[in-house]
Every structure is written in structure tokens, then in C-alpha cells.
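I opened my notebook for a slow tour of a structure. Come along, and keep the viewer open while I jot things down.

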Amino acid sequence: MLSIQNLTASVLDESGTAESNQILRGIDLEIGPGEVHAIMGPNGSGKSTLSNVLTGRAGYGVSGKVLFDGADLLSMDPEERAAAGLFLAFQYPVEIPGVGNMYFLRTAVNAVRTARGEPELSATAFLATAKEAMAELEMDPAFLSRSVNAGFSGGEKKRNEVLQMTLLQPRLAILDETDSGLDIDALRIVAHGIEKLRNPERSMLIITHYPRLLEYVKPDRVHVLRAGRIVREGGPELAYELEEMGYGPGEATAEPADATPTDTADPSGSHAEPDDGPQAPQARSLL
Amino acid sequence: MTDTVEGLVEREYAFGFHSDIETDRAPKGLTEETIRFISAKKNEPEWMLAWRLSAYGYFVTQSEPTWARVHHPEIDYQDMYYWAAPKPKGEAPKSLDEVDPEIIDTFNKLGISLEEQKRLSGVAVDAIIDSVSVATTFKATLAEAGVIFCSFSEAVQDHPELVRKYLGSVVGPRDNFFAALNSAVFSDGSFCFVPAGVKCPMELSTYFRINAENTGQFERTLIVAEEGASVSYLEGCTAPMRDENQLHAAVVEIVALDDSDVKYSTVQNWYPGDAEGRGGIYNFVTKRGRAGNRAKISWTQVETGSAITWKYPSVILAGDDAVGEFYSVAVTTNHQQADTGTKMIHIGRNTSSTIVSKGISAGRAQNTYRGEVKVMRSAEGARNYTQCDSLLMGPDCGAHTFPYVEVKNDSSQIEHEASTSKISEDQLFYCRQRGLSEEDATNMIVNGFCREVFDELPMEYAVEAQALMRITLEGAVG
């Protein structure tokens, strides 16, 4: 379903020239239909850059090849990738003041349906589906009438991401630290929502620091990303080993913390939670 | 930011067409003779002519104000026509069927067919092409309720006692340079009178349209709500594409007597000039209302047009417990300049006012909010809440905020909030990742920014306003 071949990425400077410092330095990854892959790695290893590059965020100089269901993903606009079935659960969901959540969700669902040649959902049909999905995620229906993510707590934002994923029914979902900032109950609910979406046709790429989400959503493969390269691969047990042992000492990180190349300033102040979850226990490295 | 939201330049004025209607004009230039010509043309009584002439006498002693943050070449007031009317082909129309089909067609192009509106929405329309009303509908229904809604010229003929009583009572002929000009040469406009205790049975709507070359437009609107009356008045405008600047200096006066409620909504889309800033309407408007005891005046405006906008819908909160509101969205693109805001003048006790202003700038446009909150010594317990938000699209535009506050009574409460932001790359990318095109995403974010103001518009206007925003911001991204 997704085939990443020798993918590299650098941040573009203001003139549009790629900086010499590569953040991704040749990634190869194959994800088959129905497979769940986890990517773990220390801060600055390139995890968020990978999700940004796959979803088409501007500001990177990219080389290599990415095929999504055989199509050349890197040549597509972000909205075309979305229509093709690629979904990103954002690490920091963005606030859009004044735009109702219900309106936003329905517009998104219908934009994707239209692009796929499917008829638009009526307001009534959409509302019924949305309410059902919200009940699963233990979300108050009042969320629908609030502005997109505005004033949501960190946990509410993450649930809202999973709600969108549920409604958009993607072919491949990238979950970028969806478990960070969640308390135990919220984690269980969110993880249950994700696990429910698992099916033989839908693949997932879970970016995380901890195995705890992976306890609920058991990955087929775990990859360790470090300094822009995949340095280890293994089965689900690798996640526990990492927790136990840490990522180990390595070369200097290639990626600045939370490397978003363009406008990271969020005027609505949605960066309420810390930039990253608690640090992985790097000090006890035995690798 | 600059990669994806740059420019906001390539937009065509969607309503820029010109309909071919024979025009009957006053001689070029502004003299006492011009004023006598206009007055005679309209068969006005002597007192009306005297009023005009006295305003003219004041006007010639004044010079154009320079405090607004707008720049334009000097206006030659002698180099324009001050009156033009569509010539009736034959007799004056007695019903819509008799109206010049070209005029009807013009409205159809604008999507505001009188017939359709009449049948579907129940909105009474006093349609103005150039300076003369060509059609007025629903008069009977309104008359039954005792509401007078007619062209200003008709009001001068049919209700002279009301016009004499209220004309100039809120915006006097010596109020300011442009108000004086308007008072001297106003061509037509609307008159609305809602008698005591009457709730106007329908929303009133007027569409203005400039339609002849070099014709200054000087509309005069007077709305009177007697004790306990209420009315919602809608004004919307579009104008055809022009190369020469056109001056528009309107005056709107609202008299809201005790316990009355007047809501005045505007969607303004005058021709803004081309991408290089050539042409476009100069819109210098004076709008003000006076609210009596427990009366409420609410201004809502969505401004997307004009090369230059100079406009401060204001409320004099004269009575105790009077309420004033101002909700505004002002969009400027290309080389447009807007200097707009409001004045809330608190005189009565426990008066309260709310100001919500949303300015959007793109291209090389300059958008200025200028507001004044004045609390007089008598205004015990007055309250004001002001919120000014600016949204910038692209690197070459500007947003400026000048809030003036003058408080002479220490029991009052004044709150002011202001913000300036850009459409963030994060917001755009978030929407696009969910499948929205960049254009739709921008549109959605901008509409969200304007939401508090759109919510104040009557339903059908809210829809129109959103459509207008979409047209205005077409080509804003990419």
C-alpha cells in the first residue's frame, strides 16, 4: 500500500533552497494493506518530518520515491493525498476560531467524498454518523457546535483527531504522537477508537515514544528512527525493549526539536501541552 | 506564509458590467445653479431648496478633511455631474411590469431580481438605479401597518412635515465636509417611518447602484422609529466597472425614539478599482443614529468594495439605558484603502455599547480601524466593550488601529481588546490535509474570523456576505 524508497528531506530556507543539513537521510519502508507499523525514536530523529513529508506539507526539499497504492505520492497536493485516503492525526491539532467543528468535519468528509466521486452526505446523515462516532469516543455532542479545536484541552484535541479519522475512513492513517498528553482513561478511549478502525484494508503508521499505545494497538512491525535513518526493525517486542533500554547514544540529532519548517507560531495558542511527552530514558542506554 | 498566501491580486470585479440606459444629467460642476436644477427637477418645495442652499453655503467655506489614513489624488468637485436619472421610455412605470426591461435585467445579473425577491422572500425592495427610484414594492402591506417606506423624493412630496421634522436632526447639514456636500446636492435615497408601537412587518431592503459615468452619488436615507417601534433595514450595493473614480458621499440618519429598536445592515461592494488601483469608488459616508431612552440602534456592515472607504456608523446614546452596537467586517485587497470604525457617544445613564470590528487586508491594501468611545459626565454607569481584530494576508498589506477613548464619568466601564494575526500555514495545512482545497480552506478560515459579525446579519444577508467574501478573496492564494 505504501512504499517509501530512499526518501530524504531537508528544510528549505526562505529562498527555497534546501539546507545542507538533511533531516531524513534515506528512509526505506514498506507498509502492506491492513498492517500497523510503529515508528519510535528519540526527539529530533525525524519522526514528525516524515509525517509532514508524507502528507505534503510545504517547506521541504525532498528526494526519493513514495508510492501510495502505486501512485506517486510526492507529486500530489496535500488535499489530493487526503482524497486518496491518506490521513494525519496531528501531534498539535490546529485551532480554527469561528469555524464550527460540525461544519468543518462535514466539509472535510464531503470534500473527500466528492474527490472520490461519491455523493455528498446530507447534514442529517452526517450528524447521525458523527454522533455515533462521538459516543464511542465518549465525546460530548456539544463538541460539534464548538469551534474547531478552539479551547479544547490536549486530550479533547486528540479525541477530535480520532473522531475525524473515524469519519474520513482513510486507507492509511499516520498517527503522530496521538498518545502524548493523554491521561490513562483518555488513552484507553483513544486507543480503543483507533483499534476499532483497524481492518484488513486499512494501514496505520503510529509515531510514538512509548509502548503504552501499542499495547492497545499492537503493531506488526516496529522501526527505530534515529538521525534520519531507520536503524533497527523488529516485531512488537522491540517497543518494550526500547522502553527498557532506551534508544542508546547516537550521532547528533539531525532535526531540531519539533521541526516545522514554516510558520510554527500558532496565534491561537494551541501549543498548550509540552512540545514532546516526557523524555525517553536515554540516559540508561545499553544498546 | 508568502509562498502560499501571496498576492491576493488577481480578481475580477464579478459584478462589473455596464447597462445601457439613457441618462438625463445636470450640467457638469457644482454651483448654486446646480442645486436649483436638482431641486427644480424634483419639484421640491421652497423650504427644501433653502435647506440645500444653506448647506451649500457652508460647504464652500470648508475644505476636505485630511485626518483619515487614506491617500488619493485631489478631487475636482467642479469636474463631475451631480444629478442623473434613467429616462423613462414613455410614461413613468406604475408597476414592475412597466419598468425598463434593461433595469430589470441589470438586477437579474446581480441575482436580485425584484420579482423573485417579491415572490420568494417577502422582502420589500426600493431599488435605486442612479439617482431615482425605479420601483417600490410591498407598499400596500407596509401601509396597512402604518409604515412609510418610499424614496426620499416621494417623502418630500407626500410627507413634508415628517421630513422637515427629522431631516438633519442627527446629521446636520454642517456636520462635516461630505455631509454638507450631500445635504446640498443629495439626489434621492430612502425614507422610512415606523409609527409608535409598530413592529415593521418585513425587513426593508434597498439596493444602490451607480450606473452613469462621472456621476457623483449622494444618497440620503432617513429612518425614524417612533416610541416602541422596531425595524430592520438592509442596504446592499454593487457597481459596474469604471476607469474613473466615482465619488459617493451618502448620509444615513436614524432617529430611534424611546423604547424603539433599529437594526441597519449593509453589504457594500462598490467597484474597488483594478489590480493596479485604477478606478474604483470613493466612498465617504456619514452614518449616525440617535437613541432615546431604552432604545437600541445596531449597525452591521460587511465592506468589501470601494477604492477608498471613509465611514464611521455611530450612535449617540442620548437616552437612559440606550444601547448601541457596531459589528463590522472590512475587507481590503489590491490597492484598496479603508478607514472605518464607529463612534459611541454615551450621554444617558446606564447606556451600553458594543463594538466588534474585523479587518482583513491583502495585496497592498491598507485597513484602518478608527473608533471613538466618548462617555459624557452625565453618563452614569455607562459601559463599552470594544474588540478589534485584524487579519493580514500577504507581506505587503497593512492594518492599523486607532481607538480613541474619552471618559468624563468615573462610574463607567470600558473594555478594549485587539488582535492582529495572519492566516497561519498551520491552519491552511490542517484543512488541506483534511481534503479542502487551499481556496476553500482560506475561505473557511476567513469566514470563521468574521463569524461574530455574520451572525448579526439577517439570514439571507449572511449567505450573501459569505458569497461576497468568496468572490472577493478569489485568487487570494496559490
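**Entry 1**

I began with E325(B), which is buried, with a relative accessible area of 11%. Here buried means under 20% relative accessible area, exposed over 50%, and partly exposed in between (1.4 Å probe, protein chains only). I noted that this is a predicted model, where local features need pLDDT of at least 70, side-chain atom pairs count only at pLDDT 80 or more, and totals for chains, interfaces and linings use all residues. Residues are numbered from 1 along each chain as its sequence is written, chains are lettered from A and ligands numbered from 1 in the order in which they are written, and side-chain values use heavy atoms, with hydrogens and water left out.

Which side chain does E325(B) meet in a salt bridge? I found K296(B), at 3.7 Å from N to O. A salt bridge here is a side-chain nitrogen of Lys or Arg within 4 Å of a carboxyl oxygen of Asp or Glu. Side chains of opposite charge can pair when their charged atoms come close. K296(B) sits in strand β14 (residues 296-303) and E325(B) in strand β17 (residues 323-332) of chain B, so this pair links distant parts of the chain, 29 residues apart. Helices (H or I, at least four residues) and strands (E, at least two) are DSSP runs, numbered from the N terminus. K296(B) counts as partly exposed, at 28% relative accessibility.

I then looked up E452(B) and K358(B), whose side chains meet in a salt bridge of 2.7 Å, N to O. E452(B) lies in helix α11 and K358(B) in strand β19 (residues 352-362) of chain B, so the pair ties together parts that are 94 residues apart in sequence. K358(B) is buried at 4% relative accessible area, while E452(B) is partly exposed at 36%.

R36(B) and E32(B) also form a salt bridge, at 3.2 Å, N to O. Both lie in helix α2 (residues 32-41) of chain B, four residues apart, about one turn of the helix. R36(B) is partly exposed at 35% relative accessible area, and E32(B) is partly exposed at 38%. Over all chains, the count by this rule comes to 28 salt bridges.

**Entry 1: where the chains meet**

How many residues of chain B are in contact with chain A? I noted 22, which touch 37 residues of chain A; contact means heavy atoms within 4.5 Å. Together the two chains bury about 2400 Å², with 62% of it on carbon and sulfur atoms. Buried area is the accessible area (1.4 Å probe) that two parts lose on being put together, summed over both. On the chain B side, F429(B), Y430(B) and R434(B) lose the most area to chain A, together 32% of what that side buries.

The rule finds three salt bridges across this interface. I looked up E79(A) and R432(B), whose side chains meet at 2.7 Å, N to O. E79(A), R432(B) and E438(B) are linked in a network of salt bridges. On the side of chain B that touches chain A, β23 (413-422), α10 (425-433) and α11 (438-454) each give two or more residues. The largest share, eight residues, comes from α10(B).

Leaving aside neighbours within four places in sequence, T107(A) is in contact with L436(B) and M444(B). T107(A) counts as partly exposed at 23% relative accessibility.

Is T178(A) buried or exposed? T178(A) counts as buried, at 1% relative accessibility, in the loop between β9 (172-176) and α6 (184-196) of chain A. Not counting residues up to four places away in sequence, T178(A) touches A89(A), K158(A), V162(A), V190(A), I194(A) and I207(A).

A227(A) has a phi near 50°, a positive value in a residue other than glycine. A227(A) lies in the loop between β11 (221-226) and β12 (229-234) of chain A and is buried at 4% relative accessible area.

I closed with the totals. Chain A has eight helices and 12 strands, and 54% of its 287 residues count as buried. Chain B has 12 helices and 23 strands, and 63% of its 478 residues count as buried.
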